[in-house]
Amino acid sequence: MSPVPSSLVAAVLVSAAAGKNPWVPIGLLALVAAPAGVPSWVLQPEVQARLHTLAPAPWLWGCAAVMLLLALLESLGDKVPGAEAWLVPLSSAWRPFAAMTLASVLAWAGLAVPSGAVPTMAQVGDGPVLGAQALALGSIGWAVLTVALGTFAGYLASVGKVGARLLLTLVPVPGLKLAHSFADDAFAVIATGVGLVFADSTVVLVVVVVYLLVGLVTGPVLARLTSIYIRVLFSLVRRANPDRAPLALPPWARAEAEAIGADPQRAVLRVYTFKAREVGWARHGYLMFGADELRFVSKALFGKRTLRVPEAQLRRIGLAESATVRAVTVVGRDEEQPWESRFYLFPASGAEVEAGLAACAAHARLVAVSPCSESARRGLPGYGRDDARYRPASVAGDLRLQALTTVVAASIVGVLTFGVYIPIGAGYVFSPFPRRFVISTFLSIYLALSAVGTFGAALLVTVAYGVILNAVALRDLTRHAVQARVDGYVDKATFLPLPDHRVWVPRSAVLGTGDTVVDDALFSDGPWRVVVAALRASVDAPRAI
């Protein structure tokens, strides 16, 4: 006998599915409840019989049809560029409530199970993990626990969906969000099916327990990512209004700015970070430029998280941008070694960003230098190092050779195997990233086995993933080539690096007047052919990547 009621396991999985696409589990649950009876392997008979009493059978059949139609429409909307950016956060507002409703319905249906089928002390015994005292809750206790855990599972899935979309903005590769949307659809269908059919399986119970335990750790971070994503969309709305008034700092942030002599109107930037020194993971707040200190502050549940960089420790700040994000890089040095933290700017026009950052740098008495100059490079953590992580620019390899190897290998082998095996990231073999070549090869084998194991049913999906992952590998190689040119080294620990194209350093760090001559070069994302052509230009020539 399973140590927990099957209705609890079903509720957790069905509620988790609601966090991705709530119409799918609602429709499938109505579909199971509509008939007068279903095979016992589909759902526990007592649970199904009580679900059948929710409404007349024609209403349940109609509800199933409408819900599944809405599931299809939401799935389509989630794959339309632009529409998905608004659909995801808007639907997030009610997905946890849908999860709680589904968990409550299944908990209520689980009360129909005879008391003898609910685990007791004698049946369960002294379990090594939970123990008999915790397991013998009684029917009402199990129902309350079912609602609580189901709601929590739905919350985790919902914030996980939104948080993942925010992280995908760091990888500006066409089709990546589309692939993530298909993965969410698959999760919703599979989780609901497994919850309804295999809820009494011990293996499924173990998976559910692991999912909930992992959620205890990742839940707060995912919630903060969701909060950041919503603020990004709010900033996009504000950017569309040219007559908008500037956002006023909250009192706690204004007090922090005044404490370091930072002008609240001209020397404060609204930013967010995925990971930064001292403040941890997924924080949004304000980057403040004082006369003698740079400070990042973020409001936490209890108090504030603060990163303080005194003038003596600040080495440089930089502005980097890709097709989807703009970021401010702060480089400092403590007693041991240099460190680097990146803060992403909320959406605004390019002119506003550069003017605002230039004003902040001037307020902090920083000097603009060329990003390729020695004055800019000296402050970086990898400057002058040749070790396991940082390697000199000379080992970066030939980007043209790497890109052609990736494209040709994927095309030829993919055609010869009818799309079953598509080499991913073959160009890594000519790069300083041998581990990425090994990982890419294993991914290629996994996709090939998936296509063969499903007798070709998953072929289109595996081909799509092969194309997208090759595009990601090409973007990674391209960015590392740009980093080698700009920063003068290769950072083997970073994936998809984004070098700064504007740099400011303390006046004492300027090595010569020639370093302060800043051209209008823009280092950003671009097709690998354009980057190859640009990298062939001399270091002193204007470049546009």
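This is a predicted model: local features need pLDDT of at least 70, side-chain atom pairs count only at pLDDT 80 or more; totals for chains, interfaces and linings use all residues.
Within H6, the buried residues are Arg95, Ala98, Ala99, Leu102, Ala103, Leu106, Ala107, Ala109 and Gly110.

**The largest pocket**

The largest pocket has a volume of about 1,100 Å³. Its lining consists of 40 residues, and those nearest the centre of the pocket are Lys275, Glu340, Arg342, Tyr344 and Thr494. By class, 23 of the lining residues are nonpolar, six are polar and eleven are charged. Several elements each supply at least two residues of this lining: helix H11 (202–239), strand S1 (268–276), strand S2 (280–289), strand S7 (338–345), helix H17 (459–487) and strand S10 (489–491). Strand S7 provides the largest share, with six residues.

Arg342, one of the residues nearest the pocket centre, is found in strand S7. Its relative accessibility is 18%, and Arg342 therefore counts as buried, the cut-off for that class being under 20%. The side chain of Arg342 also makes a polar contact with the side chain of Asp500, at 3.4 Å.

**Strand S11 and its partners**

Strand S11 (residues 502–506) is mostly covered, with five of its five residues buried. Strand S11 pairs with strand S5 (residues 314–321) in the antiparallel sense over three bridges. In this pairing, Gly318 stands opposite Val503 of S11. Strand S11 also pairs with strand S8 (residues 366–369), again in the antiparallel sense, over four bridges. Here Val367 has Val505 of S11 as its bridge partner. In a regular strand, the side chains alternate between the two faces of the sheet.

**Individual residues outside the pocket description**

Which residues other than glycine have a positive phi, Arg365 being one of them? Arg365 has a positive phi of about 60°, and Phe418 likewise has a positive phi, near 60°. Arg365 lies in the loop between helix H13 (350–363) and strand S8, whereas Phe418 lies in the loop between helix H15 (399–416) and helix H16.

Leu449 belongs to helix H16 (residues 434–453). The C-alpha atoms of Leu449 and Tyr421 are separated by 8.6 Å, although these residues are 28 residues apart along the chain.

| Residue | Relative accessibility | Class |
|---|---|---|
| Arg342 | 18% | buried |
| Arg365 | 44% | partly exposed |
| Leu449 | 60% | exposed |
| Phe418 | 71% | exposed |

The classes follow from two cut-offs: a residue is buried under 20% relative accessible area, exposed over 50%, and partly exposed in between. Arg365, at 44%, therefore counts as partly exposed. Leu449, at 60%, counts as exposed because its value is over 50%, and Phe418, at 71%, is exposed for the corresponding reason.

Notes:
Residues are numbered from 1 along each chain as its sequence is written. Side-chain values use heavy atoms; hydrogens and water are left out. Buried means under 20% relative accessible area, exposed over 50%, partly exposed in between (1.4 Å probe, protein chains only). Two strands pair if DSSP finds at least two bridges between them. On a 1 Å grid over the protein atoms alone, a cavity is a set of points where a 1.4 Å probe fits but cannot get out, and a pocket is an open set with protein on both sides within 12 Å along at least five of seven lines; lining residues have an atom within 4 Å of a point. Grid points are joined across faces, edges and corners, and a volume is the space filled by probe spheres set on the points. Ala, Val, Leu, Ile, Met, Phe, Trp, Tyr, Cys and Pro count as nonpolar, Asp, Glu, Lys and Arg as charged, and the others, Gly among them, as polar. A polar contact is a pair of N or O atoms within 3.5 Å; within protein, one must be able to donate a hydrogen and the other to accept it, and residues adjacent in sequence count only if both atoms are side-chain atoms.
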